Amino acid sequence: MQEIEAKPSVNLTPMLRQYLELKQQHQDAILFFRMGDFYEMFFEDAHKASAILEIALTSRNKGDENAVPMCGVPYHAASSYIARLVQAGLKVAICEQMEDPSSAKGIVRREVVRVISPGLVLEAESLDARGNNYLASLSFHQDQIGFSFVDISTGEMGVAYFQTLEALQSELPLRAPKEIIVALQDLEHPFLKNLKNILPHCVLQTYAAELDSSKIINQFSDEFQKCWKALGLEQVSPLAQRAALRLLAYIQEALKSSVNHLHEIHWVKEQGHLVLDATTVRSLELVRNLQEGGTWGTLFQVLDNTKTSMGARKLKSWILYPLNSIAAILQRQQAIAELLENSFLSEPLSGLLAQVIDLERQNSRMATGIANARDVYAVGKSLELLPQIQENISHFHSAFFQGLLADWENLKDLSSNILNLLREDAPLTLREGGLIRDGVHAELDELRAIERDGKGHLAKMEEEEKQRSGISSLKIRYNRVFGYYIEISNTKRDQVPARYIRKQTLVNAERYITPELKSYEEKVLGAEGRIRVLEYELFSQLRTQLATQASKVSKMARKIAEMDALLSLSAVAKENNYCCPDFVSSEELNIIEGRHPVLEKLFPSNRFVPNDVLLNGDTCRLMLITGPNMAGKSTILRQTAVIAMLAHMGSYVPARSCRLSLLDRIFTRIGASDNLSKNQSTFWVEMEETAHILATATSKSLIILDEIGRGTSTYDGLSVAWSVAEYLHDVVKAKALFATHYHELIQLADEKKALQNFHIAVKEWKGEILFLYQLVPGGTSQSYGVKVASLAGIPKKVIGRAEEILKQLSEKNPPQPTPASESLQMPLFTREENPLIKEIENLQIDHLTPLEALQILYAFQKKIRGL
Ligand code: ADP
Ligand code: MG
């Protein structure tokens, strides 16, 4: 910017002056300035863009003192360059030539027709087909927040009011907006200072606009206006209204006139769904894995058997926003049951959906004038399938399907208009003809006949001229500068007829015209030009007609998305042998033979060991799970949370049976994930998350706490874990699974009646341990840390020494350093003959019932405690 301001004194060309005027209005964007077949960038923009795009930085008026840095990209390849700039978090303003340069007087009129930023993309290159692309807006009043979001690529828009920053903090990572706009005065709000921690890749923009409700809303479609009025935001929440208006003003300015694809805006109730906070979504790896943020190894990957990108996006939102009403859950369950019972009907339905393109996104592209003829043709082809899809769905009777069928529209006029008008092989450009079929428009047919005849005529004319002149090598050709001409090589120059008019001299040939040739040219070229104009007109008319029907297309797209997501859930339930969870009013979470949906797929058949989790309100509300590392504690915790979450999204679950009461939230605190980018220690993050859980959980929540207190010294950690467990039991009263390596905690069960000890069975065999992955009642004081270390490949010598130290420590003696001379000859396995160890060694575990084992264990424990 500085560079531009420093220049006004120099002599600018009129073109650069025009550039600077436009740039003035779009200072925060890279201005793509259309010049012929290129978009050019100048000054600071050229520096920035050339570095990011790795293209040459040159200069206009090179060597001159007025040299202006510039770079450019060809217009036909612009979208990939724009995508890269937007990905880098920049805004791009597209400035087009608004008149034909050849007919313009003076400098060509140019205008910015669209601004593209991370939250405002419509191009497939910059969008994740199976995910939403949200732009959000926030307005603050102390700790209350107005929140609005839109995905302009699909036309979805919502608005909400949150009473606490905590609620916003939960919501934002789920939506994961690419861009957030706020008013200038809100920029200093403490929440935004912390935004990078919550959304590391989100771009924050300020946007100052006069928020005159009627002025802004009037720019949108009638349907949208109706919907807006019905919401009555002014009364409901002026703060939310402000957020929504700012968002609308912003997109309207960026997309210019073409915002008529937004048809509705819905009110998002705070806690209108089972709340999964950001940590839970992340650590359960619901839609992104922890390694690189991709979908591999996520729940979404297991559940996603959708046939359309719309369905995939819907499924993702079902995962992130599970239901919290039994009626709504039952609707999905019953529909899945019906699909499973009638697989001969559901398979053809899936086959039909597989042929449907991304109608939501194409709809937005059509409404904003970006769609080309091929896109529109594909929309027509998809809409053509609607009657068949309707027919298929009509075989199902449950409420979900009845809901889909209720206001179903086949949009036959629309599909037949598209398919009758457009050619299947239409080119990607709109102004060069080839879009419209023969036989649909009389004038077009006539012009095409002239054009075709003209070509035959040309061949005839060439033949005649050859005859008349006797020059057999004579050719009639065409170029843009001279139009049609006759070319004769220099060797025949002396035979050129006198009526030929010379136009151009080349090295080896001369070019001529004749009056006949020119009159022919007028006719043909006239037809050609007229055809192009006419085809574009017909296409534009169709697009306008489509725009008026856009809300219907988007309604049908939504129905298809829901159908697809549901079909996917039923297919996955069938393939993986899931069961239908049963919602009950008594307080419980009762899972028999539950499995982890992702892990079980990674194991060869039936190697994954299922486990029961039986929680209820009075006798076992808090399960304290002990057991060595690698025993499978974290897996049980995660699978319990995932099964509960799946049940709330209306899905079947990986278990033999599942009975549960409705939850309000699922919390997880899993693993020691150091957040280096946040520059916070493990322990700090852990305590922050635990504090959040203790403050927000209710008796209707499910809490998963894994290895709490690990990131600090033993006594600190144990004390924190202990008091958190007590607080959960006595005060919060939520259902909770608490995995810990502090086996001291098992004593808590003596006093806390709803807390039960469990551990995961391992088997010691010939000095080795075997993992059984079975959750069994009772605590364990064995952590087998040294044995696990040995399994992991720590050298035998180190293991032997560790066992020695462990023994000294457990006898409450400080470890004795090994004398230097002895250290090399240390025995591999030192074990004092303890009667207990002998007893354990001689046990025939294979012949014990679990109950006997438990009794023996109990006896051992008594002995040890007695010692
Ligand atoms: P912990 O939290 O006790 O250290 P994890 O839950 O992380 O143990 O499990 C360690 C590994 O054990 C997992 O990566 C998995 O390979 C295996 N595992 C866990 N649970 C099971 C199970 N139920 N069946 C089979 N293998 C399991
Ligand atoms: Mg673990």
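R669 has L705 of β24 as its bridge partner. The two strands concerned, β23 (residues 665–669) and β24 (residues 702–706), run parallel and share four bridges. Strands are DSSP runs of E with at least two residues, helices are runs of H or I with at least four, and both are numbered from the N terminus. Strands count as paired if DSSP finds at least two bridges between them.

The model is predicted: local features need pLDDT of at least 70 and side-chain atom pairs pLDDT 80 or more, whereas totals for chains, interfaces and linings use all residues. Residues are numbered from 1 along each chain as its sequence is written, chains are lettered from A and ligands numbered from 1 in the order written, and side-chain values use heavy atoms, without hydrogens or water.

The β23–β24 pair belongs to an open sheet of seven strands. The strand order is β13-β23-β24-β25-β21-β26-β27, with mixed pairing. β13 and β27 (768–777) form the edges, each pairing on one side only.

Strand β13 also contributes to a cavity lining. Three cavities of 30 Å³ or more occur in the structure. A cavity is a set of points, on a 1 Å grid over the protein atoms alone, where a 1.4 Å probe fits but cannot get out; lining residues have an atom within 4 Å of a point. The largest cavity holds about 120 Å³, the volume being the space filled by probe spheres set on points joined across faces, edges and corners. Its lining includes F162, E171, K269, H273 and R665. At least two lining residues come from each of α5 (165–175) and β13 (275–276). The largest share, four residues, is from α5. By class, the lining has five nonpolar, three polar and four charged residues. Ala, Val, Leu, Ile, Met, Phe, Trp, Tyr, Cys and Pro are nonpolar; Asp, Glu, Lys and Arg are charged; the others, Gly among them, are polar.

Ligand 1 is surrounded by 13 residues, the closest being V609, M630, K633, S634 and T635. A residue counts as near if one of its heavy atoms lies within 4 Å. Helix α26 (residues 633–648) gives the most to this shell, three residues. The shell comprises seven nonpolar, four polar and two charged residues. Polar contacts are pairs of N or O atoms within 3.5 Å. A ligand oxygen lies 2.6 Å from a polar backbone atom of M630. Another such distance, to a polar backbone atom of A631, is 3.2 Å. For T635, a side-chain N or O atom is 2.6 Å from a ligand oxygen. The protein buries 81% of the 560 Å² that ligand 1 exposes when taken alone, by the Shrake-Rupley method with a 1.4 Å probe.

Terms used: 1 Å grid on protein atoms, 1.4 Å probe; cavity = no way out; pocket = protein on both sides within 12 Å on 5 of 7 lines; lining within 4 Å. Polar contact = N/O pair within 3.5 Å; in protein donor to acceptor, adjacent residues only side chain to side chain.
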